[in-house]
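Keep the 3D view open as you read.

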There are 6 protein chains.
Amino acid sequence: MRPDKRKDNEMRPVTIRRRFLETPSGSVLITAGKTTVLCSASVADELPKWMPKDSAKGWLTAEYRMLPGSTSPRTPRSGTPDGRCTEIQRLIGRSLRAVIDLEKLGPKTVFIDCDVLQADGGTRTLSITGAYVALVDAVNSLQLPESPIFDAAAAVSVGIVGGVPVLDLPYNEDSQAQVDMNLVMTGSGKFIEIQGTGEDAAFSEEELAQLLALGKQGIKELLSLQKNV
Amino acid sequence: MRPDKRKDNEMRPVTIRRRFLETPSGSVLITAGKTTVLCSASVADELPKWMPKDSAKGWLTAEYRMLPGSTSPRTPRSGTPDGRCTEIQRLIGRSLRAVIDLEKLGPKTVFIDCDVLQADGGTRTLSITGAYVALVDAVNSLQLPESPIFDAAAAVSVGIVGGVPVLDLPYNEDSQAQVDMNLVMTGSGKFIEIQGTGEDAAFSEEELAQLLALGKQGIKELLSLQKNV
Amino acid sequence: MRPDKRKDNEMRPVTIRRRFLETPSGSVLITAGKTTVLCSASVADELPKWMPKDSAKGWLTAEYRMLPGSTSPRTPRSGTPDGRCTEIQRLIGRSLRAVIDLEKLGPKTVFIDCDVLQADGGTRTLSITGAYVALVDAVNSLQLPESPIFDAAAAVSVGIVGGVPVLDLPYNEDSQAQVDMNLVMTGSGKFIEIQGTGEDAAFSEEELAQLLALGKQGIKELLSLQKNV
Amino acid sequence: MRPDKRKDNEMRPVTIRRRFLETPSGSVLITAGKTTVLCSASVADELPKWMPKDSAKGWLTAEYRMLPGSTSPRTPRSGTPDGRCTEIQRLIGRSLRAVIDLEKLGPKTVFIDCDVLQADGGTRTLSITGAYVALVDAVNSLQLPESPIFDAAAAVSVGIVGGVPVLDLPYNEDSQAQVDMNLVMTGSGKFIEIQGTGEDAAFSEEELAQLLALGKQGIKELLSLQKNV
Amino acid sequence: MRPDKRKDNEMRPVTIRRRFLETPSGSVLITAGKTTVLCSASVADELPKWMPKDSAKGWLTAEYRMLPGSTSPRTPRSGTPDGRCTEIQRLIGRSLRAVIDLEKLGPKTVFIDCDVLQADGGTRTLSITGAYVALVDAVNSLQLPESPIFDAAAAVSVGIVGGVPVLDLPYNEDSQAQVDMNLVMTGSGKFIEIQGTGEDAAFSEEELAQLLALGKQGIKELLSLQKNV
Amino acid sequence: MRPDKRKDNEMRPVTIRRRFLETPSGSVLITAGKTTVLCSASVADELPKWMPKDSAKGWLTAEYRMLPGSTSPRTPRSGTPDGRCTEIQRLIGRSLRAVIDLEKLGPKTVFIDCDVLQADGGTRTLSITGAYVALVDAVNSLQLPESPIFDAAAAVSVGIVGGVPVLDLPYNEDSQAQVDMNLVMTGSGKFIEIQGTGEDAAFSEEELAQLLALGKQGIKELLSLQKNV
């Protein structure tokens, strides 16, 4: 039995609140259990400096931070993003760029901001799932002739805890997991990203297969929730 | 007539939502019109490095940031707090330290985090008003024999726009104000802080008196709202 | 009786030495008691990056630092300006911009540098009073058809020490003050800036009136001294 | 046919030169085709600050950098590690910590430094493969009663280029890959880390299986080479 | 004939004003022509972190900066010392450590601060000459049983301009010099430091001999002036 | 007798390996005893920002770093170059600019990177000697009509150890030297740079002459070795 009495293949309840704020063109407050992330998508008529000035393609970039009050005890606010933050925001950016056609977007930059208001495990995968919804709203507000978003994207964490593969780990499971894996998949059932780490114990091919199966099921549920909102 | 049809001495509607998050011991979501600030108060059993290690007194410090999505167009996320941020977080800290007895608090540090989710003028004064409520909740959770908080604190902005003294300026008034003033006052009607600036036009003693009167009235309303929640 | 035997409404003796250095077009060494500030004003034919390139208006910006040897014990030299420094240099800049017409200045930037050589209280207000004189010299050296400076500016500190409102606080009074207030006023007797803080004790309206009266008197003396030099 | 005429499942020739330098207790120069990495392992009788001072366990940490001359055109030398660097050095550290028993190591820190002298794809996986050998040399030099290293570790890159799964991608293939995957495995055939990204094209479960098979074969060859040196 | 009509072996007039400020225990304002440097020496009962805590020896360290107004056009204020600053402050520190016995000083740190108020060539050598006087005053104020200063130190610049070796170069000569050399010598006529650079033209042994002769003469004059004040 | 049994005027054996790497157009691995430096020279069709955009002249700049594993115990990797690094890389740049005609080079930038792989004294002088060879290779690869390099450059360290002037100091001598001097000379026997420091003991003119004689002899040997490779 898991600490919060869920079955091994059971997700925490997820809520997605669209248009939480008025300022960003896409604004989503997403929760999974206690984990709460504010996802904003803003579009600017500018390109990053490293792109050619006359590029016809656009760009999508993401930032991820945890607010100091998101954990107990409080997390100190850090000036520059630390290694973990950097990894996560690069993952969010790659994941969403996998479902948007940057040429159809045109010479614009989409900024995704994922600010974790409350952290209880799974912040990076919940950020991706929520940011996708904010991205859709922001892109729709541009009223482009053809939508540059050609597929959905959602993400979930899986892991092996006490030798048992489980779905959607809260902090108390995550901190004891032997294997930790994050999966990002498209609406059409393909993988965008697989990141599996066995710091405390390497994992076999059979375990890998079990984790992938759990993850696919969880992502399916999230994709269906995204559609409903 | 003001742009949002308020009278010169009329505040925007203010809402205060206590216990917005579970992690910090004090968590308040406060709004005034569109301006939305998340105020967290966390207490740690540690002292800042500059205090003597065996101090019997505690400390209270504050941080203030605007989330990138709080404005349109988006505000770039800055590593270190800029000059404006620094000024504001120092003001929040001073204002709340004026109503708490740090000896009664004991050797602890209270961290106040004010994160602006949506900015439409008055973010620093709304931060103080909301942070006071979060501070009360956090201090109560300590279950000290005697409360170290000996007075209330609330803040409001006043200014002269188009030659007319007005109360509680949203962004479109603030950006055109000739004189801009922030007032912080106690529940017992004394001043904690007066910051008045006339960058576009110096102001006379008579105008100062009018601004102080408007501010006192606004703060009275806020203090009463704080009490009710 | 005050520690240095002054009356409550008595200023420390102030000296202003113009053209202290040859390199900056305005260079003033100003002292009040032991406090000594070197104020330089330099003009460049360039605009800050945030202004439109073809702007017809100019800009004035200020920097404030304390040299390491200005205090005993020595103050460590800090790379980036700390919170206090940032606040002060923003105040100096705002105060002087209040008396200069940036359109008449034309597309130039005036840099004000206030370096505290010796610190004994009142460094920020003395910086403003001295920098105004350096600014006049620098602007005169431009030989513009019409002077962009339309009023004088001077500043003084007041405070409540041991329950008594006093004028022009040296360090040993300042460090014990219950209320600390800085006033910046124009030659025509209007307020540019009021910054009053009661960290140790909030202050009443009556006390505010007393402090304003003391400050107005002190600034009058400074304005007359500025005229004489 | 691949640009360098290798078969799809053929590795580039790999050389491992132990004791390249005398100063670090483990020093390996490893090459795969043109890619050249200098791997150093140094051990210090100290613990990172975040560990308890009286910890009986040790730690292993890794740093990764590309020398400016490792690419043509030259890569500017950056002060702080950028996002990519940070990700890679965290991966190297996790991978090696998976095969070392930090309790048996005792309260010491192993520093792994991977400096890329010449970069032609696969620098992160080659770093892991070479650093493992340097780690073994450094740990052996400690002459501990029982070796804390309980398994081998090696890594390889696989990817899908032009629709075809291939092993060990040089730069000209890597920059055109639709899917890019890095695998780290133990000597006993388990996974330490799987990182697969489909930025240009999501990948199916069947493709995932093909990539894993290629990677397992490549790692087997590397493990056997490590043993021989 | 030199631009300012001096002979090739003639120094600019030098003035040394002791006890310019009251706060640092040694405070010297030194000028050579237009070049003006404020030299402060402060002593603290602490040791740098890299020294053993129970060291019986002390340390002397130096910082050098140019104030923004010291040049025309104004020099931007830089957060961290740039390469040139770093070189100069290391030179000042080494030069003064060569004439002080750090064991006799005891476990204290002497901080030398050289702030250039006005720059017209020769700022680094003038800093050393002035800082030596401030150092003597600061050390005397300690009233140690035996003075740790066992020799004098002074410095001068020489160079080859238009093919001619000259003494004490102002900026307009320095910027055109083919060879630039700084000499630091003791009161007993030995070299502490020789730094000669021929960026525009390498120099022969004969030219080196001429420069050394000029420098020795100039330093002799400075040492005699130091004694007189 | 010296610790490594060399005579006072005897150099350590020096090896120079050209074309060590393929990526930079000049790549040299140079060793003197245990000291090992990787010198790279890369040329870019760009100019530093501080040069006029339409300059017909080029520029040469140098960077110097010690890899963490170059010393035992390991040297922490520092983000920004420290004072010593900065001094050394400025010296390398000046020394090589003294033998290249930047007008004949044309509007290009030569980047010299000296990375110390193993440090046992004399890293800065060995860097110059090796970088000169890399520079020649890089410039030759440009196939300019006329070579901009008009002279050779080599460098050596000399010092006084235990009262005796010696040539080419390894770390165990360097750390005990009373006087430390670095000499850079041209192929035609002129001085580019003399940097002599007597931190522990000032030095007389006679000692200076002895050091210069030793240095000239050592540089002669290096210049002849450079020619041979």
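Contact here means heavy atoms within 4.5 Å. That cut-off decides which residues belong to an interface. The model is predicted.

The contact draws 25 residues from chain C and 25 residues from chain E. Together the two chains bury about 2,300 Å², and 54% of that lies on carbon and sulfur atoms. Three residues stand out on the side of chain C. C:Thr23, C:Arg74 and C:Arg77 provide 28% of the area that chain C buries against chain E, more than any other three residues.

Charge comes next. Side chains of opposite charge can pair when their charged atoms come close. How many salt bridges cross the interface of chain C and chain E? The rule finds twelve. One of them joins E:Arg74 to C:Asp113, with the closest N and O atoms 2.7 Å apart. Polar contacts between chain C and chain E number 16 residue pairs, both residues being at pLDDT 80 or more. S5(C) makes the largest contribution, five residues.

Turn now to the fold of chain E. Strands of a sheet pair through backbone hydrogen bonds, either parallel or antiparallel. Chain E has an open sheet of five strands in the order S1-S2-S3-S5-S4, and its pairing is mixed. Strand S1 (14–18) and strand S4 (59–66) of chain E form the edges, each pairing on one side only. Direction ignored, neighbouring strands of this sheet are turned by 15° against each other on average. Look closely at one pair. Strand S2 (residues 26–32) and strand S3 (residues 35–44) of chain E run antiparallel and share seven bridges. Within that pairing, E:Ile30 sits opposite E:Val37 of S3(E). A helix covers the strands: helix H3 (residues 123–140) of chain E packs on the sheet. H3 of chain E touches S1, S2, S3, S4 and strand S5 (109–118), and its direction makes about 35° with that of S3(E).

Chains D and A form another pair. Chain D superposes on chain A by a rotation of 180° with 0.0 Å of shift along the axis, at an RMSD of 0.0 Å. D:Gln195 is the residue of chain D that comes closest to the rotation axis, its C-alpha lying at 2.3 Å. Here too one surface serves both copies: 100% of the contact residues of chain D recur in chain A.

This contact takes 27 residues from chain D and 27 residues from chain A. The buried area is about 2,500 Å², with 53% on carbon and sulfur atoms. In chain D, the residues that lose the most area to chain A are D:Glu87, D:Phe191 and D:Glu199, together 23% of what that side buries. Four salt bridges link chain D and chain A. D:Glu205 and A:Lys216 meet in a salt bridge at 2.4 Å, N to O. Twelve residue pairs are in polar contact between chain D and chain A, both residues at pLDDT 80 or more. Helix H1 (83–97), strand S9 (191–197) and helix H5 (205–228) of chain D are the elements that give two or more residues to this side.

Some chains do not touch. Chain B has no contact with chain D, and their closest C-alpha atoms lie 14 Å apart. Chain B has no contact with chain E either, with closest C-alpha atoms 14 Å apart.

The whole structure holds 102 salt bridges over all chains. B:Lys108 and B:Asp45 form a salt bridge, 3.0 Å from N to O. This pair ties distant parts of the chain, 63 residues apart. B:Lys108 lies in the loop between helix H2 (102–105) and strand S5 (109–118) of chain B, and B:Asp45 in the loop between strand S3 (35–44) and strand S4 (59–66) of chain B.

How values were computed
Residues numbered from 1 in each chain as written. Chains lettered and ligands numbered in written order. Predicted model: local features only at pLDDT ≥ 70, side-chain atom pairs only at ≥ 80, totals over all residues. Heavy atoms only, no water. Pairing = 2+ DSSP bridges. Helix = DSSP H or I, 4+ residues; strand = E, 2+ residues; numbered from the N terminus. Axes fitted to C-alpha atoms, helices over the stretch in contact; angles between N-to-C directions. Buried area = accessible area lost by both parts, 1.4 Å probe. Salt bridge = Lys/Arg side-chain N within 4 Å of Asp/Glu carboxyl O. Polar contact = N/O pair within 3.5 Å; in protein donor to acceptor, adjacent residues only side chain to side chain. Least-squares fit on C-alpha atoms with pLDDT ≥ 70 in both.
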